[in-house]
Amino acid sequence: MIAVLVNGLADGMLLFLIASGLTLVLGIMGVGNFAHGAFFGIGAYLVSAQLPDAPPTVLRFVLAVFVAALVTGLVGLASEFVVFRPLAELPPTASLLGTFGLLLFLQGGTQSIWGIDPIAVARPSRLNAPVNLFGTSVPAYSIVIFCTGAVVAFALVFVIRRTEFGRLVTAIAEDRQMAFLLGIRVKLVAQSVFFGGLFLAGLGGALAAPTMSLTPDIAVTYIIPAFAIVIVGGFGSIEGSVIGSLAIGLFQAILVNYVPSVGPFTVYLVMALMLSLRPQGIFGRTEIGEWV
Amino acid sequence: MGTTAVYASDKGFANEWIRRHLRWIAPLAVVAIVAVGTPYVVPIGQMTLAQTVMIDALFAVSVNLLFGRAGVPSFGQAAFFGTGAYTAALLSVHTHQSIVVLVVAAGVAGAAAALCSLVTARSSGLAFSMLTLAIGQLAYTAAQTGGFFGGYNGLSGIPFPQVGSHIFVDTYAVWDYVSVVTGIGLLMLLYIWRSPFGYLLVALREDPHRAAGLGVNTRLIRSVAFTVSGAFAGLAGAAYAYTFQAVSPGNLFWTVSATPVVMLLLGGRNYFWGPAIGALVYHSAIQLASGATSNYNLYIGAVFVVVVIYVPGGILSLGQSGWHALQRRPGSRSTVDPSHTVLTEDSAA
C-alpha cells in the first residue's frame, strides 16, 4: 500500500512539472497554447539526443536536462516571435488554430529529426538504485523527480507572490492595458513568462524522458493530463496545480493497482468528476466556460 | 424583384421555378456530376483516393457545422467518426442491409455525441477544444483496451455493402455506393446549414450573450449542434468502414480529428463547401508530395500557421474577394445582395 502511495506521489509530481508551464502561460498570462505538449516532447527528445545509450553519470544527466530545458525555452521564444505575436492581433479562435498549427509543425519536426520509432533514455545508474523509504524500496529517481517538482512549485509561488517581477506579472494578468499605461514593459515581462513556462515544459519533458518510451505523439498525449490539472487545480492557481497533480497521481496509482481495467482512464474520470462537481477547480474563481 | 418578374413572364413558368430553386438544384447537380463523372475521369488506381476524398469531405463539413457555423472548435470528432466505423463493423456481421447499418451507426455516433455534450456544452474556446481532444483520446484508449473491439488490430472482414439483394462488389461499385451515401449526407448537412437552426448557430457564434438575452437556450443549441455533427461524423465513419473493409483504433487517433480541421481551414470555414474543397486540395497535395516525404505534419503545420495568419478565410475567400473585385469594376452591373455578404463574410475572424 505504501509503495503504491509513494509511486503515486512521484507520478503526480511529474505531472505537476508538465502542467506547471501551462499554469503559468495559460492560467496566469492567459495565452492559450495548444502546442504546450509539443514543447514537453522537445525537452524529452533533446535529453535523449545528448546522452549515450549507456547509463550516464549523474552530473552529465543533470547538465543534459538543464540544456534541454534551456533550448526548449529558446525554441519557445522563437515561436513567440514567429507565431504568437502575429496571432495576438487576431481573435481568440485564430490564436487557438494557429497554436494548433504550431503543434503539428513541432510534432512533425520532432518526427523528422528523431523518427517515429520509440526511443528509450537510460537514467544514471546511481539514481536507479532503490532507496528504503517507510519500509518499502523506492527508485531514487522517483525521489529526485518529487524533490524537483517541490522546488519548482515553491520557486513559482515565491516568484509570483513575493518578488517585484511577480507583481508585474499579476498586474499584466489583471489588466494588460492598464499595466501598459502605467509604464510596465508588458511585452518584455510577457516574453519572460512565456520563456519560463516553456522552460518548465522542457524541464518536465527532460525529467520524464527516462520514465517512458519517446514517440513524437507524446506532444499530444501529455497535453491532456496537463490540461486536466489546470481544470482540477483551478485556472491560474499554482497551489491548485500541485494538489491536482498529486491527487491525479495518487488516484492513478490506486486504480492501476486495484482496478486495472479503469487505470488508463483515470485522468478523464477525474476531469469529468471535477467539471460536474466544481467547474472552477479547487482554488479557481473562473469557470471553464469563461476561459480564454 | 421587378426585373425577375418581367424576366420570368418572358421565359415562362419552368424558368421561374428553376431560378427560385437554383440554390438547391445547383448543389444536387454538383453532387450528381461528381458521383457519376468521377469513374470516367479518375484512373482505377486512384478510385480509393477519390472515395477517401468524399468521406473526408462529409467528415470535414460535419466538423465545420461546429467549427465554422457555431464557432466551437472541436478537436475530438474522431471519437464519433470511430464510433460510426466500429458500429458499422460490428453490425455488418448481423445484418447485410447496409442502409440499416449506416442509419444505426449514425444514430449511435449521435447518441455518443449527445452524451459527451453534457460535459462540453458549458465550455467554449480553448477549454472546449481541450475537452473534445480529451474525449477523442478517451475513445482511442477505449477502442484499444476493449477485447470486444478487437484490441490493437481492430476489426476486419467487413462485407461489401448490400442494398436489397444487390451487392456492390468491385471498386467502381463501392464508389457508386459511397458517393451516393456521402452525397446525400452532404445535402442533408446543407439543409441544416441553411435552416433557421443553422442561422441560430451563427447568432451563437457572433454573440452568445445577446443570443441568450433574446431567449435562446445556448447550452441546448450547442448540444444539439454537437449531436448532429457527431451523427454525420459517424455516417462518414460507417462509409469508411465499407470502403476499406476494416477499422482499427488508428481511426480514432488524434490525427484523425486534426485532418478535418486542416481541411476546413484550408478551404474556408465560413463557406459550406469550404471543407469539401479543402478535402480535395489536402488529399491532392499529399498525393503529390508522397514521393518526396512521408512526414506531412511538419509541412501541414507550417502551411496551417501561414493560412491562419494571412488567409484566415481559406481558399474560397480568395475566390470571393476576386469575384467582388471584378464586380466593383466601373461599368459592371453589381448583383451582390448585401444581406448575403454580411452572413458569409468572415466577420468572426
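Analyst: H3(B) passes H7(B) in a left-handed crossing, a term used if the near helix is turned anticlockwise from the far one by less than a right angle, with right-handed used if clockwise. Helices (H or I, at least four residues) and strands (E, at least two) are DSSP runs, numbered from the N terminus. This is a predicted model, in which local features need pLDDT of at least 70 and side-chain atom pairs count only at pLDDT 80 or more, while totals for chains, interfaces and linings use all residues. Residues are numbered from 1 along each chain as its sequence is written, chains are lettered from A and ligands numbered from 1 in the order in which they are written, and side-chain values use heavy atoms, with hydrogens and water left out.

User: How is the packing of H3(B) and H7(B) described, and at roughly what angle do their axes cross?

Analyst: Two packed helices are described by the angle between their axes and the distance between the axes. The axes of helix H3 (residues 47-70) of chain B and helix H7 (residues 171-194) of chain B come within 9 Å and cross at roughly 15 degrees. Axes are lines fitted to C-alpha atoms, for helices over the stretch in contact, and angles run from 0 to 180 degrees between N-to-C directions. H3(B) and H7(B) are therefore roughly parallel; angles under 35 degrees count as roughly parallel, over 145 as roughly antiparallel, 65 to 115 as roughly perpendicular and the rest as oblique.

User: Are H2(B) and H7(B) roughly parallel or roughly antiparallel?

Analyst: The axes of helix H2 (residues 13-41) of chain B and H7(B) come within 9 Å, crossing at roughly 165 degrees. The two helices H2(B) and H7(B) are therefore roughly antiparallel to each other, and H2(B) passes H7(B) in a right-handed crossing.

User: Is Val53(B) buried or exposed?

Analyst: Buried means under 20% relative accessible area, exposed over 50%, and partly exposed in between (1.4 Å probe, protein chains only). Val53(B), in helix H3 of chain B, is buried at a relative accessible area of 13%.

User: What is the phi of Gln245(B) near?

Analyst: Most residues other than glycine have a negative phi. Gln245(B) has a phi near 55 degrees, a positive value in a residue other than glycine. Gln245(B) lies in the loop between helix H10 (218-244) and strand E4 (246-247) of chain B, and is partly exposed at 21% relative accessibility.
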